[in-house]
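Biologist: I should like to learn how to read a structural model. Where should one begin?

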Amino acid sequence: VKGLLNKLTMEKYPVLAKQICGYFDHGSSEVIIPLIFEKALKELNYGEMYACLFHDLYHTVATTPASHTTFSLALMLRCDLELKKAIVSDEQEGDLLMDGEIYIKRSVGICALIGELYTRGLLKEDFMLKLFNRLLYEDGPA
């Protein structure tokens with residue numbers, strides 16, 4: 001699967017996405033999500049493509065209400081974890097730009113990926129509100 005993810009481009013997406021979906025069954029959400037998320041984090045510019053892949057996997061793998069919940073929960077937990085790590089990392093590195101703004105490319109890229117996942121209906125509204133609270137209010141209720 002990692003080899004297929006390495007070959008994945010928008011041009012090859014339809015063929016490779018079918019192959020990737022074929023490798024997983026309904027009980028493998030815990031394996032799929034970290035694998036694809038890891039690749040998506042390395043290529044934040046392709047967040048839309050990876051969100052499409054998660055969407056296709058959701059409809060292929062999550063065939064029962066329980067597997068829908070498992071997939072969604074695993075995806076939300078991974079988004080939450082990666083965003084927390086990115087915020088801490090950005091705050092620690094904090095390369096200053098000319099006008100004094102903090103360079104936060106990783107956090108912004110992850111937020112873009114999360115937004116793509118939300119627009120495809122893979123993340124719940126209450127989860128998004130929790131993330132917004134964390135981003136807006138450093139020590140907020142998130």
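Modeller: One begins with secondary structure: helices (H or I, at least four residues) and strands (E, at least two) are DSSP runs, numbered from the N terminus. Here the elements of the protein chain run α-α-α-α-α-α-α from the N terminus on, which comes to seven helices and zero strands. This is a predicted model, in which local features need pLDDT of at least 70, side-chain atom pairs count only at pLDDT 80 or more, and totals for chains, interfaces and linings use all residues. Residues are numbered from 1 along each chain as its sequence is written, and side-chain values use heavy atoms, with hydrogens and water left out.

Biologist: How many residues does helix H4 have, and what should they span?

Modeller: The expected span of a helix is 1.5 Å times one less than its number of residues. Helix H4 (residues 47–61) has 15 residues and should therefore span 21 Å; its end C-alpha atoms are 20 Å apart, which agrees.

Biologist: Which residues of H4 are buried?

Modeller: Buried means under 20% relative accessible area, exposed over 50%, and partly exposed in between (1.4 Å probe, protein chains only). The buried residues of H4 include Met 49, Leu 53, Phe 54 and Leu 57. Cys 52, by contrast, is partly exposed, with a relative accessible area of 22%. Of the 142 residues of the protein chain, 40% count as buried.

Biologist: Which residues have the most contacts inside the largest nonpolar core?

Modeller: In soluble globular proteins, nonpolar side chains tend to be buried together. A nonpolar core is a set of buried Ala, Val, Leu, Ile, Met, Phe, Trp, Tyr and Cys residues joined through side-chain atoms within 4.5 Å. The largest one has 43 residues, and Leu 53 and Leu 117 have the most contacts inside it. Each of H1 (2–7), H2 (13–22), H3, H4, H5 (65–93), H6 (105–119) and H7 (125–136) supplies at least two residues of this core. Contact means heavy atoms within 4.5 Å. Neighbours within four places in sequence aside, Leu 53 is in contact with Leu 5, Leu 8, Tyr 13, Ala 17, Ile 20 and Ile 36.

Biologist: How many aromatic pairs are there?

Modeller: Rings of Phe, Tyr and Trp (its six-membered ring) pair if their centres lie within 6.5 Å; planes under 30 degrees apart count as stacked, over 60 as edge-to-face and the rest as tilted. The count comes to two aromatic pairs. One of them, Phe 37 with Phe 54, is tilted, at 5.9 Å centre to centre and 50° between the planes. Phe 37 lies in helix H3 (residues 29–42) and Phe 54 in helix H4, so the pair ties together parts that are 17 residues apart in sequence.
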